[in-house]
Amino acid sequence: MRFRDGAPYDHYKRVPVGADGNASALKNLLRVVVSKGALWYGRSEKAWAVTKPQRGVVPVDNAVIVSLQNIVVDFDGERVLKGIHLDIHDKEFVTLLGPSGCGKTTTLRIIGGFVSPTQGDVYFSGKRINDLPAHKRQVNTIFQRYALFPHLNVYENIAFGLKLKKMSDKSIKATVQEMMRLVNLKGFERRNVTSLSGGQQQRVAIARALANHPKVLLLDEPLGALDLKLRKEMQRELKAIQQEMDITFLYVTHDQEEALSMSDTVVVMNNGEIQQIGTPQDIYNEPGNAFIADFIGESNIIDGFMHKDFLVEFFDKRFTCVDKGFALMERVDVVIRPEDIKIVPAIQGQWTGVVETVTFKGVHYESIVESHGYKWMIHSTGYAEPGMIIGMQVLPDDIHIMKKMEESA
Amino acid sequence: MTKMKNSSKLYLVLIYIFLYAPIIVLMVFSFNSSKSRNVWTGFTLNWYSNLFNNRQITNSLMNTLVLALVSSVVATIIGTLAALGISSMKKKARTLAINLTYIPIISPEIVTGVSLMLLFVMAGVGLGMTTLILAHITFNIPYVILNVLPKFRQMDTHLYEAAQDLGCNGVQAFFKVVVPEIMPGIISGFLMALTYSIDDFVISYFTTGPQSQTLPITIYSMTRKRISPEINALSTIIFLIVLTVLIVMNVADSNKQKKINAMNVRRESL
Amino acid sequence: MKSKLPAVPYLLWMGVFTIVPFLLVIFFAFTDSSGRFTLDNLSGITSYIPVFGRSLWLALVATVICLVLAYPFAYIISRIPSHRQSIFYMLAILPMWMNYLLRTYAWMTILENNGLLNRFLGLFGIGPLSLINTQGAVVLGMVYDFIPFMILPLYSTMVKIDNSVVEAAQDLGASTWSVLTRVILPLSVPGITTGITMVFVPSVSTFIISRMLGGGSWLMIGDLIEMQFLGNAYNPNLGSAISLVLMVIVLIIMSITNLFDDEEVGEMIK
């Protein structure tokens, strides 16, 4: 399993295998052998096929730079955050992912200092900063609509924080120019910020925040206002900037594709609670509950019940699966990804259904197949004619069993 | 959203007290049973009934309302037409016309009043209701223009053409399409003119005759003579009217806002 | 629709009722009672320089006080969550809609020698202080009457300053003071200049306030003009000359404030 830049990826240790230039050659060799074995054993192969390869360079033993302990936030009588525990490691790219109103932006603003927690503590580099006002914190924020100062030009906007630190004009100029190079805005110094395009304003906001060399950069859905192509471009650029500046990025978005492609760690939130924390692969392949399975990527979720460990029943049929630990005949949610269902001739199928619609999506066909009252979504490269009766197959590995939640669809 | 600091709350309260204390004092003493405006002797509604029987006041109230209505209507017509014409002007002419509009607004009222008085005297026109109306129209027109003109600017220029494309001739298109778009401006301009007219003292003072007193002028003579707490009663009534109007406007506005919000929510869920 | 014709009635009206009266004022200022050209009127003004000085000074003091009081007030209200803002704003503007004669009269009640304030102080054995018929009372009257005209434009500009810009400044390290001086102040300049104009002009040209609260002992420009036209010393030529000088003063002030800002005066009317 390889990355774009050639570095192999270790699923379990989340360390770039062979990247540690200081370790002895033997240690590196040992790592490669162990990880290769793990790869063969584990499910990462499958994960690679469906997700974009990515570089997970965060050693788990990096220092914790921001820690949220049991954060509760009440706002206007409503409990917006219900007890958040989160450790963010240095130099990590962490994304808070969730639907609107899940509390992700509030969590970000707690760290920035714009919201005070009703209960709980915020730690920065080990120090409790609950009472530290926003302007004294060593974090900087990229606001959703950039919040550029309309009365200052590009240069003055970027230099704003530096001027407050009473830096010399010379060093301010050097830093600003460095930042402008970083975001590709050379020559824009005297421009009026209100005349810039969305993408350009975005870059000014980034330069302005990074000019202060914060240890943590908070990004509040910064790409929401950009069109698709620009958004993808900026995702790559932001990732590159994070690696060049070697600082921690805490990113908030509701776009799961964005989260999966950019992050080292994804924190899925819903209703003021953290649902799951993990690498993009973990979240995608092992969603912790039906909500996550439904929110991340597409999912088919149906009712079933566990006969016994490793055996689930739905549609009056029994399927071997790889989950255990449920009570006898316990009702569960069965989650199967559209790309994991194989279309076969009806006779060969584990169950059958009738194709209702087929949509060509470029990368694959998306078929809606009706079976036992449920509409299955299937992604396949093969085409099945609407009206056909087809068979469906799924590997035990790809059947995910989850405890039933009140909110499951 | 950060909660308001206590010092901020205190500051607001202090300023509000400053703004309302004199008004409250006026209102309280409108119920005072003695003529004194300072010493409280007892509760009475006498002054209110006296007010309604005061011929001078009812006359001037009538004058004021008639004056305000007539001058506002005329000003609205002239002003709306003016806005229509101005919006069709080229930049130079438009700037000139707009600057002309500003002259009555930025001039001190006393200068406007005095200059109009000179005009009427030189023209040999006796000061009375007519000159009052003419004066009020003059200072009302700019307010109408300033309310209607932006509506022309904001209006989609293609609306007029779209109407013609669908079969209207010029005049029809104007009334069916343009007028509804600028109507909010016309209404707010009219209301603004009405308000300034009802409230005007200085300009009226210089352009009116002895027979056609307006309410503010009557109030002025009452305060000069310092007679009775009828003034207080009048103040209370005016305050309550203004309060009611503003509350109604606010409720109507927030209802409109709620409807707009509801519409947007529905639109998003589609 | 592209016709300038509709603006003709307006242009004619303004010509007759605005331009001509002003020309008359200029004419009268430079002639004597028989119509001959003279500069006597202007030289006659020199004896009134103390009056001009006093008017300018008191108006300046009142304007500064209004600005200092209204600025934090407008800012605090602009930061209230928007669904609750309108009530606070409405309450701040409400006094403006009450006749300012009555509001000025209210202060007479409070400031008189046996007025409420003195009787209150008397409870502590202080006074009675001579509060009314002083320059201080006049300034107080100006501040009270015109502070809504400072609050309104300040609030209009401040409400446009998005909260995220304030947060961005804090995020970048600005203390409360720095946020005020580096972000809020520069962005609120249009409101400041409009507010200054809207308070200074009526303050410098008033005659009501100086008469009611100054007892006529502290003559201002407005008093002078009024006396020349409607008072005992009937001298429209002198009065016109004084009016002209007043106009010039106003224009100078407006050009000075315009140096700081390009916004149209008309913005505030909306």
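I start with one term: a residue is buried if 20 or more other C-beta atoms lie within 10 Å of its own, exposed if 12 or fewer, and partly exposed in between, with the C-beta atoms placed from the backbone. This is a predicted model, in which local features need pLDDT of at least 70 and side-chain atom pairs count only at pLDDT 80 or more, while totals for chains, interfaces and linings use all residues. Residues are numbered from 1 along each chain as its sequence is written, and chains are lettered from A and ligands numbered from 1 in the order in which they are written.

Take chain C to begin with. Of its 270 residues, 47% are buried. Chain C has twelve helices and zero strands; here helices (H or I, at least four residues) and strands (E, at least two) are DSSP runs, numbered from the N terminus. Its C-alpha atoms fill a box of roughly 70 × 70 × 30 Å along the principal axes. Two residues are in contact if their C-beta atoms, placed from the backbone, lie within 7 Å. Among contacts in chain C between residues at least 6 apart in sequence, 71% join residues at least 24 apart.

What does chain C touch? On one side, 64 residues of chain B are in contact with 64 residues of chain C. Several helices of chain B each supply at least two residues to this side, including H3 (55-87), H8 (170-199) and H11 (230-269). The largest share, ten residues, comes from H1(B). The side of chain B that touches chain C divides into 49 nonpolar, 13 polar and two charged residues. For that count, Ala, Val, Leu, Ile, Met, Phe, Trp, Tyr, Cys and Pro are nonpolar, Asp, Glu, Lys and Arg are charged, and the others, Gly among them, are polar.

Chain A also meets chain C: 17 residues of chain A are in contact with 15 residues of chain C. Strand S6 (139-142) and helix H4 (154-164) of chain A each supply at least two residues of that side. H4(A) gives the largest share, three residues. By kind, this side of chain A has eight nonpolar, seven polar and two charged residues.

Now the sheets of chain A. Two strands pair if DSSP finds at least two bridges between them. An open sheet of six strands has the order S6-S7-S8-S3-S9-S10 (chain A), with mixed pairing. S6 and S10 (273-278) of chain A are the edge strands, each pairing on one side only. From one strand to the next, the twist averages 20 degrees. Axes are lines fitted to C-alpha atoms, for helices over the stretch in contact, and angles run from 0 to 180 degrees between N-to-C directions.

Is S6(A) buried or exposed? Both faces are covered: Val139(A) and Thr141(A) on one side, and Asn140(A) and Ile142(A) on the other, are all buried.

A second open sheet in chain A has four strands in the order S2-S1-S4-S5, with antiparallel pairing. Its edge strands are S2 (78-89) and S5 (127-128) of chain A. Helix H3 (104-112) of chain A lies across S1, S2 and S4 of chain A, at about 65 degrees to S2(A).

Last, two loop residues. Most residues other than glycine have a negative phi. Phe310(A), however, has a positive phi of about 70 degrees, and is found in the loop between S11 (300-308) and S12 (311-314) of chain A. Why does Phe310(A) count as partly exposed? Because it has 14 C-beta neighbours inside 10 Å. His372(A) has a positive phi of about 50 degrees, in the loop between S17 (365-371) and S18 (374-380) of chain A. With 13 C-beta neighbours inside 10 Å, His372(A) also counts as partly exposed.
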